[in-house]
Amino acid sequence: MANTAFLLATAILLLARVASAQTQEPEHGMTHPSQKPMQQMPGMSGHHESKSLIAVVEHHAASGTDAAPASTPEHMMMGARYGWRFMFHAEAFLTELQQSGPRGSDKFFSTNWFMLMAQRRFGRGTFTAKSMLSLDPATVSNRRYPELFQEGETAFGRPIVDGQHPHDFVMELAALYDYRLGEKMLLSFYAAPVGDPALGPVAYPHRASAAENPIAPLGHHLEDSTHIASNVVTLGVTHENLRLEASGFHGREPDEERWDIDSGKIDSWSTRLTFNPGRNWSFQYSLAYLRSPEALQPLEDVRRMTASLSYNRPLRSGNWSSMLLWGRNQSMADGNVGNGYLLESTLHFADRNNVWTRIENVDRTNALLLGENPEPANFTEHYFARAQAYTVGYDREVGRLPHLSTAIGTQITWYGLPDALKPTYGSHPLGGIVFLRLRF
């Protein structure tokens with residue numbers, strides 16, 4: 001695993017070097033409507049900040065067609081050539097994780113992703129091609145990393161319990177076209193063999209409120225797990241700071257073969273309303289029907305609802321970003337309902353320091369009691385208990401290299417759990433990590 005981590009860090013540095021070599025000043029007339037003049041920050045790439053919801057949508061810095069508050073900073077390398085604008089950014093965590101209690105485990109692993117985007121003006125609109133890749137299948141062994149009380153998806157024909165699955169190698173491969181209907185109205189089209197439908201907030205790997213936390217939320221499969229879906233098509237209309245979208249996509253979660261591209265017919269749908277009442281705020285509500293999302297429950301469809309409120313505030317020598325999020329799954333087979341509630345916040349201060357917290361209150365299913373064992377015959381999964389997770393963390397950026405932010409950090413998570421789970425997990429399980437974070 002140490003060799004894999006070294007190769008990963010080397011690959012990231014080479015990618016950044018190549019992207020930096022291609023970067024030059026934008027050609028005349030190529031200034032994107034959502035771009036302010038680039039600022040060069042010590043140890044960081046270009047700092048981009050949009051002005052309005054339409055500008056946020058046209059810039060497409062997050063996955064899919066997700067939107068964050070307009071004041072949210074984005075750190076990336078940008079350049080232009082032959083009428084095209086190019087953007088590159090990437091992130092990798094090298095993590096050592098330790099957990100206590102009967103179900104606790106430990107592991108050294110890396111989570112990572114790389115995004116390359118190209119944009120060009122066509123008539124009254126903007127065409128965007130976007131790809132996002134991850135080496136998680138190589139740097140997260142055994143198709144999971146430990147995370148107490150986490151559940152969702154499968155590996156080796158069994159449910160993943162107390163663990164988080166890696167991302168697929170291809171996280172997004174998409175084409176978008178945004179057509180200006182007027183000064184205050186935008187019509188958007190999105191198509192992706194692998195992409196992010198209009199469902200939920202900005203997914204956790206890409207949102208500023210979770211930027212320094214390398215671990216997935218426990219409510220991931222109640223809130224934003226569809227950010228890697230198959231055969232996604234989305235139509236959206238934005239008027240000033242209000243946006244309405246509808247998506248069709250394949251509802252099955254990615255399978256355990258993480259290097260390939262999954263496929264399937266469009267059998268699920270979602271719709272999302274986004275409202276950015278000011279530069280620092282963003283609200284979304286979404287509703288979806290997911291056809292057979294879990295491989296081990298192929299006859300169970302799910303209705304999902306999410307709502308989130310995001311707040312971002314630029315500070316002198318820093319930034320503060322927070323999110324309040326609710327997600328809900330309802331089984332269409334028996335009506336069983338599970339809810340997840342999340343509050344997370346990250347404060348960047350004094351130029352080099354980050355402190356963050358994540359608080360969750362999530363419903364868990366009886367699959368937790370199975371552990372690593374296969375599901376028994378006629379097993380019916382249902383929500384039966386609620387667990388709480390409380391996380392605090394700190395990191396500090398070290399070194400000053402062009403286009404690269406490097407930080408060393410740590411975080412600790414403690415849990416609240418009902419009596420029904422204490423015989424399995426112990427009374428006071430804990431999780432702790434130390435990590436190296438690289439960001440381009």
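Because the model is predicted, local features need pLDDT of at least 70 and side-chain atom pairs count only at pLDDT 80 or more, whereas totals for chains, interfaces and linings use all residues.

**The strands**

Select residues 229-239, strand S11, together with residues 242-250, strand S12, which pair in the antiparallel sense over 8 bridges. Strands here are DSSP runs of E with at least two residues, numbered from the N terminus, and two of them pair if DSSP finds at least two bridges between them. Within this pairing, Leu235 stands opposite Ala246 in S12.

**The turn**

Return to the hairpin formed by S11 and S12, where 2 residues lie between the strands and Glu240 in the turn has a positive phi of about 50°. At 38% relative accessibility, Glu240 counts as partly exposed (buried means under 20% relative accessible area, exposed over 50%, and partly exposed in between, with a 1.4 Å probe and protein chains only). Now show Ile54, which is 186 residues from Glu240 along the chain, although their C-alpha atoms are separated by 6.5 Å. Leaving aside neighbours within four places in sequence, Glu240 is in contact (heavy atoms within 4.5 Å) with Leu53, Ile54 and Lys184.

**The aromatic rings**

The structure holds 13 aromatic pairs. Rings of Phe, Tyr and Trp (its six-membered ring) pair if their centres lie within 6.5 Å, with planes under 30 degrees apart counted as stacked, over 60 as edge-to-face and the rest as tilted. Select Phe122 and Phe127, whose ring centres are 6.2 Å apart and whose planes stand at 80°, so the pair is edge-to-face. Phe122 is partly exposed at 39% relative accessibility, and Phe127 is partly exposed at 27%.

Move on to Phe149 and Tyr415, whose ring centres are 5.0 Å apart with planes at 50°, so the pair is tilted. This pair links distant parts of the chain, with Phe149 in strand S7 (residues 145-155) and Tyr415 in strand S20 (residues 405-416), 266 residues apart. Both Phe149 and Tyr415 are buried.

How values were computed: Residues numbered from 1 in each chain as written. Heavy atoms only, no water. Helix = DSSP H or I, 4+ residues; strand = E, 2+ residues; numbered from the N terminus.
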